Amino acid sequence: MRAICLYLHMHQPIRYREYSIFDVGNSTNYFNDDYYGRQSNERIFKKVANKSYHPMLNLLEKSMLKHPDFKVSLSITGTWCEQAEKWDPELIAQIRRLVQRGQVEIVGETYYHSLAFFHDLDEFNAQVMAHQQKIQALFGVTPQVFRNTELAYNDQLAKWAETHNYKAILAEGWDKILGQHSPNHVFLPTGCSNTKLLLKNYRLSDDIAFRFSNRGWTEWPLTVAKYQQWINDDCLRGSLINLFMDFETFGEHQWVETGIFNFLDQFIDSWLSQYDNKFLTVSEAAEIEPPVAEVSMPETVTWADTERDLSAWASNAMQNSATQDLYALRPKILATQDPKLISDWRHLTTSDHTYAMCTKYWHDGDVHAYFSAYASPYEAFMYYMNVLRDIEYRLKNFVSAPKI
Amino acid sequence: MLGWELPPHNSGGLGVACFNMAKALARQGAEIDFVVPYLAQHPDVDFMRILSATSLDPIHRYGGGSYASMQIDAKIIPGLDTKPLSIRDVQKRYCQYVRKYLKTHKPDVVHAHDWLTYEAGILAKKQHHTPLVAHVHATEYDRAGMHTGNPLIHEVEQEGLMLADRIIAVSESTKRIIHQKYHIPLNKIEVVYNSLDENYEKSDYHFDTSLYNYVTSLKKSGYTIVSTVGRFTIQKGLPYFMQAAKLALAKNPRLIFIFAGDGEERNQLINLSAEYGIAKNVIFTGFVRGQKLRDIYSLSDIFVMSSVSEPFGLTALEAAHHGDALILTNQSGVSEIIWSALKYDFWDTKKLADEILAIANNPALSHTLKNHIQKEYHQISWTKVAKKCLRVYNNTINYKRGN
């Protein structure tokens with residue numbers, strides 16, 4: 001048997017607007033920019049919904065009706081759900097249908113798409129729990145497999161997943177760590193005995209996610225036949241192909257004009273037309289074979305950039321100071337038991353915010369600039385700190401509601 | 001190359017830019033004859049031939065010693081009392097010299113800097129079909145704060161830009177002005193940014209804090225020093241900056257603003273600072289240059305370029321060299337190539353105040369900006385400028401041959 005495990009990540013941050021120092025103490029509207037503003041969450045969400053969420057979900061549903069064996073795993077952040085509920089509830093309904101058909105599995109993660117695991121374990125637990133409740137409420141299932149934000153993974157996280165009874169955990173299949181192993185197997189994280197490790201086949205994943213429309217790529221254009229041949233060849237190293245990527249690859253990173261939807265549509269047909277080829281969800285994939293080896297990642301590995309580390313979120317003084325100042329407020333924030341204040345604070349833990357402050361490649365004007373909602377990393381930091389200042393201001397002036 | 005001034009006989013950035021560009025071009029193998037409108041020694045120039053079009057003292061290169069448009073008007077309005085020598089007279093003599101020069105010389109390409117030399121450049125084109133490259137360091141629109149300015153100068157600019165085979169603009173925003181206000185097709189205009197004078201970096205300048213005890217003591221007690229340097233003219237947008245200073249001071253009184261320079265807006269600005277009730281936090285230094293100017297950069301934490309229109313904006317690179325965090329208007333050319341800076345639109349006083357406060361209140365921001373700009377401004381070099389100019393020359397020459 002040869003199996004593809006297609007896992008797609010669905011996320012939209014709730015961006016803070018260009019919140020001025022003159023707003024501090026006067027306005028608690030951090031997250032609602034004008035509709036046509038640069039940080040308008042509503043406008044951006046609706047744009048991506050049209051370009052990606054709707055056409056892609058339709059494609060998936062059509063394929064699922066056609067092939068009862070076609071399965072997909074999705075990780076859906078709480079911040080994505082909040083926005084979909086507000087601006088496009090049909091998306092939630094459609095995903096729920098697919099979950100009920102048993103062809104979509106939902107993966108667990110943090111509600112706020114945060115890196116809390118590396119800063120505050122209590123907060124991390126609280127956010128995973130919040131996410132679990134949200135997923136249960138919207139889709140009626142409880143996640144059995146875990147992925148951390150940006151696939152940020154290390155041995156400690158695997159141990160955490162085992163104590164929380166996850167069947168498996170997802171991570172990047174980075175050569176430097178795998179050595180002679182291929183990512184096309186089930187692994188056991190060091191220190192675990194039950195929780196399995198599934199590793200992203202980053203070459204075959206990135207062929208679609210990053211290179212598909214790149215005309216400078218020697219393999220352009222990527223045809224279904226060619227891609228299937230690559231997968232067949234790669235199966236010689238192990239017969240589980242883990243294709244992990246952003247959901248928005250389809251329609252947003254690779255536009256409809258590139259032919260990405262047709263490619264996927266035909267690929268699903270073509271793959272399933274061959275005897276013994278399958279699509280598996282992440283928990284099915286974790287059980288196709290006993291773990292072939294133990295894998296240890298003492299240092300954190302992510303699926304970001306060529307460095308595969310956390311440097312895009314924590315490499316300059318602005319990022320470090322913003323993160324420190326944020327998490328330092330936590331005890332006081334929770335002590336207020338004020339739902340609005342706690343929610344506002346938690347929305348600031350979203351990792352996209354610190355990513356927008358990244359200056360690593362800033363002068364090259366590459367992906368970091370392209371995906372940013374702010375004019376520069378410096379402005380991103382400036383407005384973030386203003387919001388934080390206002391939260392501190394609210395804390396100072398907080399008077400708890402009288403108990404009845 | 002046709003220019004109007006070279007250091008040490010320069011009044012502003014034009015001379016410095018021409019000097020550095022010619023030097024870098026010579027290093028790339030270009031043979032340059034540089035025509036200036038006056039007679040003087042240039043001790044630092046051994047890389048090209050300097051030709052004097054007149055025997056005037058450098059002081060008279062802009063006519064009777066000023067740039068005033070009255071003197072130009074005098075040439076076309078009969079009966080108006082004329083001063084001994086107007087800038088038009090100097091230009092005429094400059095042209096005569098170039099005409100004579102062209103009888104014995106046939107350059108491969110003529111590179112003319114700003115409106116003052118365009119007419120002479122056109123002569124070469126007429127006589128030998130020599131390709132003409134017009135270099136725009138500033139337009140009359142910039143000088144007049146985005147108003148029309150002097151119609152005669154505009155006219156000369158228009159003719160030069162139309163007859164030039166290729167135009168070099170010092171920034172994208174200058175390119176846009178040339179396109180929008182002079183109706184030149186975009187594909188005729190190439191952008192080549194300026195760079196920082198290498199002598200500026202090499203100099204053995206040392207900052208002596210003991211000369212500035214007052215400001216240094218303020219800094220020690222937590223004050224942030226915000227400065228700007230330039231001519232106090234409508235082009236620089238300083239009243240907006242003063243308004244932002246007022247807004248910022250209302251939130252954080254530990255700010256000192258240094259306005260270094262002089263010009264026709266000085267009294268208005270002093271008045272404004274009093275009217276806003278912030279005079280105690282605003283320092284006017286008067287005109288500064290050399291060591292004093294460097295001291296101001298060194299004292300400052302933040303350098304603001306508030307220009308309504310700034311073709312390039314070399315002072316920003318100078319301030320970066322001295323370790324300042326930069327705030328630039330989106331209307332300045334330098335903001336197109338500098339990434340490690342905060343930016344704003346010149347009218348957006350609230351945003352400028354926001355940015356000043358953010359740097360003053362967040363050490364991490366100030367540190368990151370200063371750190372990154374240090375690495376960044378070094379990547380801009382005159383050698384790169386020269387290579388780009390050579391490419392423009394060769395393309396123009398080849399194109400002309402092809403026709």
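In the predicted model, B:Ile356 is in contact with B:Val226, B:Ala244, B:Ala248, B:Leu255, B:Ile302 and B:Ile327, its neighbours within four places in sequence being left aside. B:Ile356 also belongs to the largest nonpolar core, which has 225 residues. Those with the most contacts inside this core are B:Ile356, B:Leu326, A:Ile169 and A:Cys5. Helix 16 of chain A, residues 377–396, provides the largest share of the core, namely 10 residues. In soluble globular proteins, nonpolar side chains tend to be buried together.

B:Ile327, one of the contacts of B:Ile356, points from strand 11 of chain B in one direction together with B:Ala325 and B:Thr329. B:Leu326 and B:Leu328 point the other way, and all of these residues are buried. Because 5 of the 5 residues of strand 11 (residues 325–329) of chain B are buried, this strand is largely enclosed by the rest of the structure. Strand 11 of chain B runs parallel to strand 10 (residues 302–305) of chain B, and 4 bridges join the two. Within this pairing, B:Leu326 of strand 11 is the bridge partner of B:Phe303.

Chain B is divided into two parts: domain 1 comprises 13–195 + 381–402, and domain 2 comprises 199–377. The contact between them takes 15 residues from domain 1 of chain B and 11 residues from domain 2 of chain B. On the side of domain 1 of chain B that touches domain 2 of chain B, the elements giving two or more residues are helix 5 (140–143) and helix 7 (172–182) of chain B. By class, this side of domain 1 has 5 nonpolar, 7 polar and 3 charged residues. The C-alpha centres of the two domains of chain B lie 31 Å apart.

In chain A, an open sheet of 5 strands shows mixed pairing and the order 4-5-7-6-10. Its edge strands, each pairing on one side only, are strand 4 (145–146) and strand 10 (293–295) of chain A. Strands of a sheet pair through backbone hydrogen bonds, either parallel or antiparallel. Strand 6 (residues 186–189) and strand 7 (residues 196–200) of chain A run antiparallel and are joined by 2 bridges. A:Leu197 in strand 7 of chain A is the bridge partner of A:Phe187. Helix 5 (residues 155–163) of chain A lies across strand 4, strand 5 (168–172), strand 6 and strand 7 of chain A. This helix runs at about 160° to strand 5 of chain A.

Notes:
Residues are numbered from 1 along each chain as its sequence is written. Chains are lettered from A and ligands numbered from 1 in the order in which they are written. This is a predicted model: local features need pLDDT of at least 70, side-chain atom pairs count only at pLDDT 80 or more; totals for chains, interfaces and linings use all residues. Two strands pair if DSSP finds at least two bridges between them. Two residues are in contact if their C-beta atoms, placed from the backbone, lie within 7 Å. Axes are lines fitted to C-alpha atoms, for helices over the stretch in contact, and angles run from 0 to 180 degrees between N-to-C directions. Domain bounds come from an automatic or database domain assignment. Ala, Val, Leu, Ile, Met, Phe, Trp, Tyr, Cys and Pro count as nonpolar, Asp, Glu, Lys and Arg as charged, and the others, Gly among them, as polar. A nonpolar core is a set of buried Ala, Val, Leu, Ile, Met, Phe, Trp, Tyr and Cys residues joined through C-beta atoms within 7 Å. A residue is buried if 20 or more other C-beta atoms lie within 10 Å of its own, exposed if 12 or fewer, and partly exposed in between; C-beta atoms are placed from the backbone.
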